[in-house]
Amino acid sequence: QVQLVESGGGLVQAGGSLRLSCVASGRTFSRYVMGWFRQAPGKEREFVAAISWSGGSTDYADSVKGRFTISRDNAVYAVYLEMNNLKPEDTAVYYCAADSYGSIRIRTRNPTSYDYWGQGTQVTVSS
C-alpha cells in the first residue's frame, strides 16, 4: 500500500507561480511512474503531467506544456510540480497519483491506470 500526501496549493494571481509537492510512503516509490492530475468543478479529472521512475522521461498535457515542470527525488520519495505563468483556467484540485504497474516508461495519461491517489490540494488562480 502506498500513501500519497500533496501540499503546496493555494491562491495566486494570474501570472504567478506555485510549487506542488507529493510525498509517498513505501520503499517501492522509485519503481512507480508518477503523475499529476487535476479536476475543476463540474469537469472530469484530467491529466497534467507524468514522469518515469528514473525521472528521465516526462509527459505534459498541451495546456500546461512550457509552463509546468514535473520532477522527482526518489531519495526522499517525492514528486513535484512547478507551475509558472498560472492562468485562471488552471484553477482545480490537483492530485498526485502513482502507476504501480512496474513499467520503466510512462504508459498512459488515463487516470484509471493509476492505482494510488493523494487527497488533493486546491489551486486557485485569480484574474
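Rings of Phe, Tyr and Trp (its six-membered ring) pair if their centres lie within 6.5 Å; planes under 30 degrees apart count as stacked, over 60 as edge-to-face and the rest as tilted. The model shown is predicted: local features need pLDDT of at least 70, side-chain atom pairs count only at pLDDT 80 or more, and totals for chains, interfaces and linings use all residues. Residues are numbered from 1 along each chain as its sequence is written, and side-chain values use heavy atoms, with hydrogens and water left out.

**View 1. Aromatic cluster.** One aromatic cluster is formed by F37, F47, Y95, Y114 and W117. Across the whole structure, the search finds seven aromatic pairs.

**View 2. F29 and its ring contacts.** The ring centres of F29 and Y77 are 6.2 Å apart and the planes meet at 65°, so this pair is edge-to-face. The two residues are 48 places apart and link distant parts of the chain. F29 sits in the loop between β3 (18-24) and β4 (33-39), and Y77 in the loop between β7 and β8. Strands (E, at least two residues) and helices (H or I, at least four) are DSSP runs, numbered from the N terminus. F29 is buried, at 1% relative accessible area. Y77 is partly exposed, at 29%. Buried means under 20% relative accessible area, exposed over 50%, and partly exposed in between (1.4 Å probe, protein chains only). R72 lies over the face of F29, 4.7 Å from the ring centre. A charge sits over a ring if NZ of Lys or CZ of Arg is within 6 Å of the ring centre and within 35 degrees of the ring normal.

**View 3. The four-stranded open sheet.** The strand order is β1-β3-β8-β7, with antiparallel pairing. Two strands pair if DSSP finds at least two bridges between them. β1 (4-7) and β7 (68-73) are the edge strands, each pairing on one side only. On average, neighbouring strands of this sheet are turned by 15° against each other, direction ignored. Axes are lines fitted to C-alpha atoms, for helices over the stretch in contact, and angles run from 0 to 180 degrees between N-to-C directions. β7 and β8 (residues 78-83) run antiparallel and are joined by six bridges. F68 has M83 in β8 as its bridge partner.

**View 4. Strand β9 and its partners.** Seven of the eight residues of β9 are buried, leaving the strand mostly covered. β4 pairs with β9 in the antiparallel sense over seven bridges. Here M34 stands opposite A98. A98 also stands opposite Y116 in β10. β9 and β10 (residues 116-117) are antiparallel and joined by two bridges. Three bridges join β9 to the antiparallel strand β11 (residues 121-126). The bridge partner of A92 in β11 is V123. In a regular strand the side chains alternate between the two faces of the sheet.

**View 5. Y94 in strand β9.** Y94 belongs to β9. Y94 counts as buried, at 0% relative accessibility. The side chain of Y94 reaches the backbone oxygen of D90 at 2.6 Å. A polar contact is a pair of N or O atoms within 3.5 Å; within protein, one must be able to donate a hydrogen and the other to accept it, and residues adjacent in sequence count only if both atoms are side-chain atoms. Leaving aside neighbours within four places in sequence, Y94 is in contact with residues including E6, L20, W36, F68, M83 and V123. Contact means heavy atoms within 4.5 Å.

View 6. D99 lies in β9 (residues 92-99). D99 is buried, with a relative accessible area of 2%. A polar atom of the D99 side chain lies 3.1 Å from the backbone nitrogen of Y101. R107 lies over the face of Y101, at 4.2 Å from the ring centre. Beyond neighbours within four places in sequence, D99 is in contact with Y32, V33, R107, S113, Y114 and D115.

**View 7. Positive phi at Y77 and N85.** Y77 is not a glycine, yet has a positive phi of about 55°. N85, also not a glycine, has a positive phi of about 50°. N85 is placed in the loop between β8 and β9. At 42% relative accessibility, N85 counts as partly exposed.
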